[in-house]
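Try each task before reading its solution.

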Amino acid sequence: MKLYHSEVQSHLEEALRLDPDFVAAKLFLANHIRFDEEDRALRLWNDVLTSDPTKLTPRENFFVNRTRAIRENRFDDIEVMLDEYLAKFPDDPFILHEKALKKWVAGDFDEAERLNLRLIEIAPNWVLAYNQLGYIAMSSGRFVEAEEYFASYRFVAPDQANPHDSLAELYITLGRHEEAEVSLRRSIEIKPDFWNAYDHLALTRLRTGDLTGAEKVLAEAKATHELPEYWENAISCRVEFATLVEAGQWQEMLDYLEANPQCSEGHTSGLATLMRHKAACRTGDLETAREIEAKVE
């Protein structure tokens, strides 16, 4: 729940060293390494799916069966599985969280909000519920309420980096850039390799027109730890986009996007689409702009 992804694998590896038959650890490890170590992830998933269900708890069996449904492309079955499980175990916070997250990702904010409110009722320290409630309120324009949820998240977990980062995102949205910077600096102080915070710190500088400051944030991130390529690309693309927009160099924007396909992947994919569309409009290439609109729609 801390969202410290770099530490996840080492803990799961240690769990499997202590118990090589630990099904849940195998499953979570497979999910964690699926992009970087695909062959090993497939072996782990196979072990999980052939495990003895009689030796597992109902919750463990749920996660195994959900994995089987995903591997077999039976995505519609997952909703049924969630409802059937919660009918038997309505107060299982792990599965309530899974359903709330699924609803949140699908854009069903009303149901996601209801489920997260239920979640903090039965598990007051389930910090990610406060985080989701904050984002739901923020997405709905209920900014005072969003700040209350993010402040509650920070109150429950003041020694974690993400509550400070989430609160900073609200501050950025509201134009409270100085408060955002203070909150992001606290996030980085707690965990110097919390890359989300560097990305949002660069965004804060860009929102105030400080292109040089944003470049310094990128340099700081690279100097602090071994900045993963994914995050270096994300922050670099964000800074370059802002630089080209500031200069009104729209053809150069299109050329940059063509030469740097990594900007259209992962964290900055949506922003890259927006920049490509804007550049196409500004250069008079309305056919391309309409193609982008049709694809997005």
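## Exercise 1: Helix H6

At the start of H6, a side-chain oxygen of Asp 92 comes to within 3.0 Å of the backbone nitrogen of Phe 94. That is a polar contact, meaning N or O atoms within 3.5 Å, one able to donate a hydrogen and the other to accept it, where residues adjacent in sequence count only if both atoms are side-chain atoms. Before going on, note that this is a predicted model, in which local features need pLDDT of at least 70 and side-chain atom pairs count only at pLDDT 80 or more, while totals for chains, interfaces and linings use all residues. Residues are numbered from 1 along each chain as its sequence is written, and side-chain values use heavy atoms, with hydrogens and water left out.

**Task.** Describe the span of H6, its buried residues, and what covers them.

**Solution.** 

Step 1. Helices are DSSP runs of H or I with at least four residues, numbered from the N terminus. H6 covers residues 93-105, 13 residues in total.

Step 2. The expected span is 1.5 Å times one less than the number of residues. From first C-alpha to last, H6 reaches 18 Å, close to the expected 18 Å.

Step 3. Now sort by accessibility: buried is under 20% relative accessible area, exposed is over 50%, and partly exposed lies in between (1.4 Å probe, protein chains only). The buried residues of H6 are Pro 93, Ile 95, Leu 96, His 97, Glu 98, Lys 99, Ala 100 and Lys 103.

Step 4. Look for the cover, taking contact as heavy atoms within 4.5 Å. Helices H4 (58-71), H5 (75-88), H7 (109-122) and H8 (127-139) are among what covers these buried residues.

Step 5. Past the helix, find Gly 107, which follows H6 and has a positive phi, near 85°.

## Exercise 2: Cysteines

**Solution.** 

Step 1. Look for cysteine sulfur atoms within 2.5 Å of each other, the cut-off for a disulfide. The whole structure holds 1 disulfide.

Step 2. The partners are Cys 237 and Cys 263, with sulfur atoms 1.9 Å apart. The angle about the S-S bond is -80°, and the link is left-handed.

Step 3. Check accessibility. Cys 237 is buried at 1%, and Cys 263 is buried at 0%.

Step 4. Turn to Cys 281. Its sulfur lies 19 Å from the closest cysteine sulfur, that of Cys 263, which is too far for a bond. Cys 281 is partly exposed, at 33% relative accessibility.

## Exercise 3: The core and its aromatic rings

**Task.** Which residues touch the most other members of the largest nonpolar core, and how are the rings of Phe 62 and Phe 63 arranged?

**Solution.** 

Step 1. A nonpolar core joins buried Ala, Val, Leu, Ile, Met, Phe, Trp, Tyr and Cys residues through side-chain atoms within 4.5 Å. The largest has 72 residues, and Phe 62, Ile 95 and Tyr 198 touch the most other members. H8 gives this core its largest share, 8 residues.

Step 2. Follow Phe 62, setting aside neighbours within four places in sequence: Phe 62 contacts Met 81, Leu 82, Tyr 85 and Ile 95.

Step 3. A second, separate core has 11 residues, including Phe 241, Cys 263, Met 275 and Ala 279.

Step 4. Rings of Phe, Tyr and Trp (its six-membered ring) pair when their centres lie within 6.5 Å; planes under 30 degrees apart are stacked, over 60 edge-to-face, and the rest tilted. The structure has 11 aromatic pairs. For Phe 62 and Phe 63 the centres are 5.5 Å apart and the planes at 75°, so the pair is edge-to-face.

Step 5. Both Phe 62 and Phe 63 are buried. One aromatic cluster is made up of Phe 28, Phe 62, Phe 63, Tyr 85 and Phe 89.

Conventions
Helices (H or I, at least four residues) and strands (E, at least two) are DSSP runs, numbered from the N terminus.
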